[in-house]
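The stops below are given in the order in which to select them.

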Amino acid sequence: MFRICSYFLFAATLSAAPADWIWSARWVITENPARPAIENGAVAIAGDRIVGVGTRAEIDARFQAKQRLDRPQAILAPGLINTHTHAAMSLFRGIADDLRLQDWLEKYIFPAEAKNVSPDFVRWGTRLGCLEMLLGGTTTFTDMYYFEDVVAETSKEAGMRGVLGETIIGFPVADNKTPADALAYTERYLARFRNDPLVVAAVAPHALYTNSDETLKASRALADKYHAPLLIHLSETKKENDDTLGARHMTPTKVLDTLGVFGGRTVAAHCVWVDDADMAILKARGVGVAHCPSSNMKLASGAAPVERMLALGIHVGLGPDGPAGSNNDFNMFEEMDLAAKLQKLVTRDPRALPAATALEMATIGGARVLGMEGEIGSLETGKRADMILVRLDRPNAVPLYDAVSQMVYALKADDVRDVMVNGKPVVSDGRMLTLDAKAVLEKAEEYRAKIAASLK
Ligand SMILES: [Zn+2]
């Protein structure tokens, strides 16, 4: 008997394909429509790629892994994708709340930035942002800030994936005094991070209302030259729309389209005040929308017509936007929950934006916004191994009838236990493996004292 068993075991081992990791869980949510949820499922990883997805029995039969992680009380899901944020602004967290966007920007943020933003500030602020994002299950973030080359270095140090855009804005800022300087800086940055496994370098003209037409056209030309995405804020407030309509008799979307800004991969953040004609443009040009429900609610900007955008086939992802006063965190679980609830509230229809749609927006939908759906956003063979294990052993996680509903409405960022990016574990049992969490938290306190003193 023993001999027969060991023979079969030997034969199975011989025929099994090698893998670096097998991760298994009570539920695997794949975001692959062909096989959406697998009970007692597992994923095999070799190098930076997923090589198998199935039941644990199937995966164990097919693969011989060097290491494994079995979480019988967890959900295994694709890593969450943040499509709009400003990570380094975490050092301004809560600096001024409960204000109008224009007052918040002009009276607090722009002066605080003028006095404090440096490469060191950006490095530590990005470390703090990456620490919070990774511990909360975000594996890819989309960023717009200054010294974006430093954001890219830090993101790689954290082992996180990033679509990282150098900001171009029509007044002097910490890293560049003119848009021409910013464009030159951006070009050096794009060249440096070309073909990086974790960083997609992007061009980020701040918005229509903070840039000249010439700068916006030059930004598009630069993005085209390097096949880079262009990131921009669009129609965030009613004032922005009213001002543009008053001055140019066109909506901001129409102006950007007329300038050719949407001529290549574009991610537009907010899109709260877009009308039917604007949405037709976004659809026709393939512009991805980063919906930021927390930020839009906190700043009372309005509710983006997400249900209509999705019905038109526009790609919509989620973003926490700014940690400094428009959110004030990077919690993608909160964004999923609020995205669903905000559409229900404004449409007065509880069927609007169901849980499955909210989770899709935070995963494969976000990947489509970024043009990366072939690489990330779902657990499928051939894709990059970006995934999270979320615990199901806490009071807010039981009982479980539907894993997707639990992810969106019941589980919290704090329930994330393990995180893998590009085949490498970066969070293990709630502990950060790549960054020195204690040093990051201490440095944030140091910066708080410095920043507070600078504003006196
Ligand atoms: Zn923003």
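Start with the cysteines: taking a disulfide as a pair of cysteine sulfur atoms within 2.5 Å, the count comes to zero. This is a predicted model, in which local features need pLDDT of at least 70 and side-chain atom pairs count only at pLDDT 80 or more, while totals for chains, interfaces and linings use all residues. Residues are numbered from 1 along each chain as its sequence is written, and side-chain values use heavy atoms, with hydrogens and water left out.

Select cysteine 271. Its closest cysteine sulfur belongs to cysteine 292 and lies 9.2 Å away, too far for a bond. Cysteine 292, in turn, is in no disulfide. Cysteine 271 is buried, with a relative accessible area of 0% (buried means under 20% relative accessible area, with a 1.4 Å probe and protein chains only). Cysteine 292 is also buried, at 0%.

Next, select the zinc ion. Its protein donors (N, O and S atoms within 2.8 Å of the metal, or 3.2 Å for Na, K and Ca; water is not among the atoms, so sites may look incomplete) are His84 (NE2), His86 (NE2), His233 (NE2) and Asp321 (OD), 2.1 to 2.3 Å from the ion. Along the chain their spacing is H-x1-H-x146-H-x87-D.

Now show histidine 233 and aspartate 321, which are 88 residues apart and link distant parts of the chain. Histidine 233 sits in strand β9 (residues 230-234), and aspartate 321 in the loop between β12 (316-318) and α13 (332-347); helices (H or I, at least four residues) and strands (E, at least two) are DSSP runs numbered from the N terminus. Both residues are buried.

Terms used: Buried means under 20% relative accessible area, exposed over 50%, partly exposed in between (1.4 Å probe, protein chains only).
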